[in-house]
Amino acid sequence: MRRLRASALLVAGVVLAAGCSSSSVDDRPVVEVFGSWRGVDAERFAAMIEPFEEETGIDVRIVGSASFVRDINDRATNAELPDVGLFPQPALISDFAQRGLLVPLAEATASSQRNAYRDAVAAAVDDTIYGVWIKAAVKSLVWYRPDTFAERGYDVPKTWADLVTLTEEIESDGMVPWCLSMESFSSTGWVGTDWIEDIVLRQQGPDLYDAWVSNEVSFEDAAIVAAFETFGELIHPPGRVLGGARRILNEPWQNAQTPMFDDDPGCLMNRQASFEEANLPSGVEIGEDVDVFGLPSVDGTEPPVLVAGNLAAAFNDRPEVQALLAYLATPESGKGWAELGGYTSPHPDFDPSWYANEFDRRVGEVLNSARVVRFDGSDLMLPAVGTGTFWAGIVDFVRDADARAAVAEIQKGYPMVEASEG
């Protein structure tokens, strides 16, 4: 039996003593959880919370939506909010908290999160923590064909200059260095903003990154323009990216690296997060047919790590809701999903033996051993910018290659937010 933390059991015990005099399933307290997970991810989340349901008698009902952001706002408008929301962006949690719609974490739960959040997420909700970080993803990875690298004598780059040199070497050998595609329906652009965030972290460091995310440093600052231009130097020259700008903007992001596995590889490298594991063609084995290296730092020192993830936050303060969040705040809660694969825990003390495979263990080690960890910047920025003008602006930049025009349009999202709030 998976071990639960005392805080979750204590609250759940109060729930059961107060409201469950019958053993009938219909009498169990119900917690509705609303998020974007459907299909396999929903099944794996259900496995994650199954021990909680068994131990407490609380019925957790999972509702998934392909349009979570739109639908959670609609439910707020119609006063039909769930008990718990699973948020892909901390900025949305901050927005709902500022509107008075979220319940702060109980102090014991919040204390446990201060350790797990580290520097990556804590600033998103100021001094009051509303969200429990339940699943992480490491974004600063480059997927590549190790067999092709070995055949052609390519070395894994140690510095950014090495990465540029490798790109040029692959191109001079008549091959296409980069796989890249960004189409993601209403979310098109996030693949490109990930690149910019990783580059800013590497060129400028975490302090400027934090100031940029909070709008203390403008998108029009020379440091941010430089990051756009660095990205452009990799992707805009003809032959650098398979299919050029047309394919980048029109091919679904999940298909970016599929041509890598053709008999005659169409491209050799794809910077994408650890969750790309789920998009690999059938039969492709990590460590044999494909592998990853960390996007290198500028000077060859340990590179910073850009992360993303999902956070649970409560709209209701009932004891059974707080009990669920207390459980999700524990490292043990992730075991059920980890045993099925495709999971990274944000907890430094998560037991690596619980991971289903070596790749998941490697990703967990990358996250927990990194000196500098920062959450995806667009997910932390005000939504009108981070998931609005930033996404749109990077699309414009890929198409038009005009860094200064792109950053000027992106920055305009901030006055738009201030005007709407006023």
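**Rings and phi angles, checked against the cut-offs**

Tutor: Let's start with two residues that are both buried, Phe231 and Phe397. Buried means under 20% relative accessible area, exposed over 50% and partly exposed in between, with a 1.4 Å probe and protein chains only. This is a predicted model, so local features need pLDDT of at least 70 and side-chain atom pairs pLDDT 80 or more, while totals for chains, interfaces and linings use all residues. Residues are numbered from 1 along each chain as its sequence is written, and side-chain values use heavy atoms, leaving out hydrogens and water.

Student: How many aromatic pairs are there by the rule?

Tutor: The count is 28 aromatic pairs. One is Phe231 with Phe397, at 6.4 Å centre to centre and 35 degrees between the planes.

Student: How do you know that the charged end of Arg75 sits over the ring of Phe34?

Tutor: The rule wants NZ of Lys or CZ of Arg within 6 Å of the ring centre and within 35 degrees of the ring normal. Arg75 is listed as over Phe34, at 5.0 Å from the centre.

Student: Why is Phe185 called exposed?

Tutor: Its relative accessible area is 73%, so Phe185 counts as exposed. Phe185 also has a positive phi of about 55 degrees, though not a glycine.

Key
Phe/Tyr/Trp six-rings, centres within 6.5 Å; stacked < 30°, edge-to-face > 60°.
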